[in-house]
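Here's a quick tour for anyone opening this structure for the first time. Have a look at it below, then read on.

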Amino acid sequence: MENLILYNYFRSSTSFRVRIALNLKQLKFEYRPVHLLNNGGEQNQTTYRQINPLGGVPTLVHNGFTLAQSSVIIDYLDEAFPHTVPLYPKDINKKFLIKQFCQIINADTHAYGNLKTLKYLEAQLKISEEDRKTWTQHWIQSGLSACEKMLVNTAGLFCFGNEITAADLFLIPQMVTAERFGVDITTFPKAYQIYQHCLKQPAFIAAHPFRQIDTPAELRIS
Ligand SMILES: N[C@@H](CCC(=O)N[C@@H](CS)C(=O)NCC(=O)O)C(=O)O
């Protein structure tokens, strides 16, 4: 019997990625909320830092084995549960193009708008709220523009053809974040079309930030 625990936060896009993966693979997991804002952020508490040294979410615990970094967790799930739906095609070139796509979002888009990055800009560098918003929008636009260029050549119903791959697990949460930061996501037509399609898929519906046990009542959707 598998035991999977996911430390995560409803609104976190990195958590959203892993929830989609778990749902796609039909793996049941225990949802342990880590509130990123309350009490200075539960991710910064000593007890949480013992399982995740950098203090972000998500963290996965599988049968006592603890792992952080959403992209690593997703690859781990893919290898640890080989009889479930795969997240990469067998073709090596396609597989690594998908990893390139995921990395654009993970390292060159998400990281710039992360909570701790924005907090640092505010507290240490005294950057105004308006300028922080401009900063975040800039990096989201830059990342999504690069994704859109790739999608022109690779997209079908999903990012890479007509099967869900890891790329969709990274794109959709980033699109939700883009909307939250006031980026007009319709300016990325391929990405937008895939986004609309994915939001109708059961694994994405169940993983959506507004349907989690820690989603505040005012944000909840059915
Ligand atoms: N590269 C990490 C990033 C993890 C991360 O920082 N997640 C955000 C939420 S999306 C977080 O926990 N932020 C808390 C903070 O910045 O203090 C991953 O992909 O898991």
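How far apart do the C-alpha centres of domain 1 and domain 2 lie? They are 19 Å apart. Keep in mind that this is a predicted model. Its protein chain splits into domain 1, covering 4–85, and domain 2, covering 92–205.

**Where the two domains meet**

- On the domain 1 side, 11 residues are in contact with 14 residues of domain 2.
- Sorted by class, the side of domain 1 that touches domain 2 has 6 nonpolar, 4 polar and 1 charged residues.

**Around the ligand**

- There are 15 residues around the ligand, and Ser12, Gly56, Ser70, Leu115 and Lys116 come nearest.
- The shell's make-up by class is 3 nonpolar, 11 polar and 1 charged residues.

**The sheet**

- Look for an open sheet of 4 strands, running in the order E2-E1-E3-E4 with mixed pairing.
- Strand E2 (30–33) and strand E4 (65–68) stand at the edges with a single partner strand each, so one side of each has no neighbour in the sheet.
- On average, neighbouring strands here are turned by 20° against each other, ignoring direction.
- Strand E1 (residues 4–8) pairs with strand E3 (residues 59–62) in the antiparallel sense, over 4 bridges.
- Leu6, for instance, has Leu60 in E3 as its bridge partner.
- H1 packs on this sheet and touches E1 and E3, with its direction making about 155° with that of E1.

**Two crossing helices**

- What angle do the axes of H5 and H6 cross at? It is roughly 145°, and the axes of H5 and helix H6 (residues 129–154) come within 10 Å.
- The crossing of H5 and H6 is right-handed.
- At the contact, Leu118, Leu121 and Glu122 in H5 meet Arg132, Trp135 and Thr136 in H6.
- The residues of this contact between H5 and H6 divide into 3 nonpolar, 1 polar and 2 charged.

Notes
Residues are numbered from 1 along each chain as its sequence is written. This is a predicted model: local features need pLDDT of at least 70, side-chain atom pairs count only at pLDDT 80 or more; totals for chains, interfaces and linings use all residues. A residue is near a molecule or strand if its C-beta atom, placed from the backbone, lies within 6 Å of it. Ala, Val, Leu, Ile, Met, Phe, Trp, Tyr, Cys and Pro count as nonpolar, Asp, Glu, Lys and Arg as charged, and the others, Gly among them, as polar. Two strands pair if DSSP finds at least two bridges between them. Axes are lines fitted to C-alpha atoms, for helices over the stretch in contact, and angles run from 0 to 180 degrees between N-to-C directions. Two residues are in contact if their C-beta atoms, placed from the backbone, lie within 7 Å. A crossing is left-handed if the near helix is turned anticlockwise from the far one by less than a right angle, and right-handed if clockwise. Domain bounds come from an automatic or database domain assignment.
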